[in-house]
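This report concerns one protein chain. Please view the sequence together with the model.

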Amino acid sequence: MTQRLRPLDGLRVLDLSRAVSGPLAGRILSDLGADVVRAELPGTDVTQAFGKVTRGRSGLYSQVNAGKRSIVLDLHQPADVARLLDLAAACDVLVENFRPGVLARFGAGWAAVSAVNPRLVMLSVSGFGQDGDDAGRAAYAPVIHAEAGLIGRQADITGDPPADIAFAVADALAGLHGTIAILAALRLRDRTGTGQHIDLSMLEAMLATDDYTHYSIDEHPVRSARGEVWPAPGGPILVSADRRYLWRQLKTCFGVADPDPGAPLEPKLRARARVMAAWFAGHQDRDALKRDLDAARLAWADIRHAGDVLAAPSVAGRGAVVEVTDGDGEKRSVVRMPYRFSDAASGPVRGVPEAGEHTEDVLRDWTGAD
């Protein structure tokens with residue numbers, strides 16, 4: 001049986017990044033077939049602090065680095081800077097998320113790497129961009145969530161004190177947009193023969209993707225488009241519909257009616273909320289409720305927690321979680337990237353690397369060094 005090709009077979013990527021945004025971009029490219037080499041730098045990667053640690057590699061570290069190969073570089077050592085330049089000369093893409101100017105101070109900034117490889121595409125992820133007043137600021141996802149207005153908006157909508165969300169969405173969006181930019185730059189290189197330096201701001205990635213940014217542009221009052229949770233047999237259920245649409249569907253499909261049609265608007269809305277809550281809770285069982293919601297063309301969701309997310313049929317039934325084997329024989333599970341092609345393969349080709357596990361192999365494969 002012929003093995004299916006991967007879309008990015010033959011592409012070489014050197015990943016100098018840490019934390020989540022840059023490593024996620026590298027992980028995506030790796031699942032798509034690129035040979036992604038993670039350069040382990042001195043110091044502990046923050047991702048090692050999150051999740052179960054198995055043989056020195058945490059859950060989060062495993063998720064963003066599965067499928068990659070690993071070498072060790074210490075950029076404080078001139079010999080390793082020279083080695084980095086040799087690797088840059090041999091690869092197609094370099095990913096980094098140092099603060100702006102740091103890599104240049106080591107002698108390995110864009111000017112240096114593009115000089116040894118004019119076809120190189122380099123992605124530089126930073127909190128606020130490579131220039132400007134805030135360029136030098138440290139930025140992790142919560143910082144960007146605050147600066148982009150996400151935390152403030154949540155507080156305004158809920159009335160609760162400002163608090164961060166339990167998802168590094170700024171990192172995820174930067175990684176996704178960074179990957180798109182890399183692929184676009186490679187397509188352009190095919191036409192021009194010349195690489196690109198991509199300056200990707202996490203803050204700009206958030207603003208460009210946030211479906212609420214237009215309210216700020218237009219100075220218009222925010223209308224929340226969040227799902228709403230209702231009491232239900234077997235536990236609360238979420239319905240993705242604003243109350244006006246929900247009320248109209250329940251009224252049309254099930255004859256739900258105002259208890260006091262002549263009441264002023266605000267009391268009437270409060271009464272409708274009570275009626276809708278009673279309609280949800282009054283079902284004999286959860287399956288009956290779901291059938292009614294489907295009949296009314298209302299999108300619903302079970303409120304899942306960490307322990308049962310992977311049990312959902314749409315997750316377990318589609319093989320979204322795959323088992324990989326590390327170089328030391330340790331088996332672990334990671335989420336595969338969600339790309340499914342009609343006639344191409346994707347997913348991690350190996351497990352989670354140990355620091356420096358592939359140094360000799362990479363140097364031999366990429367540079368011919370013994």
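## Basis of the model

The model is predicted; local features require pLDDT of at least 70, side-chain atom pairs count only at pLDDT 80 or more, and totals for chains, interfaces and linings use all residues. Numbering starts from 1 along each chain as its sequence is written, and side-chain values rest on heavy atoms, without hydrogens and water.

## The chain as a whole

The chain contains 15 helices and 11 strands, taken as DSSP runs numbered from the N terminus (helices H or I, at least four residues; strands E, at least two). Its C-alpha trace spans about 85 × 55 × 40 Å along the principal axes. Of the 370 residues, 44% are buried (under 20% relative accessible area, with exposed meaning over 50% and partly exposed in between; 1.4 Å probe, protein chains only). Where contacts (heavy atoms within 4.5 Å) link residues at least 6 apart in sequence, 69% of them join residues at least 24 apart.

## The parallel sheet

An open sheet is built from six strands in the order β3-β2-β1-β4-β5-β6, with parallel pairing (two strands pair if DSSP finds at least two bridges between them). Because β3 (69-72) and β6 (196-201) each have a single partner strand, one side of each edge strand is left without a neighbour in the sheet. From one strand to the next, the twist averages 20 degrees.

Strand β2 (residues 35-40) runs parallel to β3 and is joined to it by four bridges. Arg38 stands opposite Ser70 in β3.

## Helices on the sheet

Helix α3 (residues 78-90) packs on the sheet, where it touches β1 (12-15), β3 and β4 (93-96), and its direction makes about 150 degrees with that of β1. Helix α9 (residues 202-209) lies across β5 (121-126) and β6, at about 70 degrees to β6. Axes are lines fitted to C-alpha atoms, for helices over the stretch in contact, and angles between N-to-C directions run from 0 to 180 degrees.

## Two residues with positive phi

Ala19, in the loop between β1 and α1 (21-31), has a phi near 60 degrees, a positive value in a residue other than glycine. Ala19 counts as buried because its relative accessibility is 14%.

Arg297 lies in the loop between α13 (286-295) and β9 (300-302), and its phi is near 55 degrees, likewise positive in a non-glycine residue. With a relative accessible area of 71%, Arg297 is exposed.
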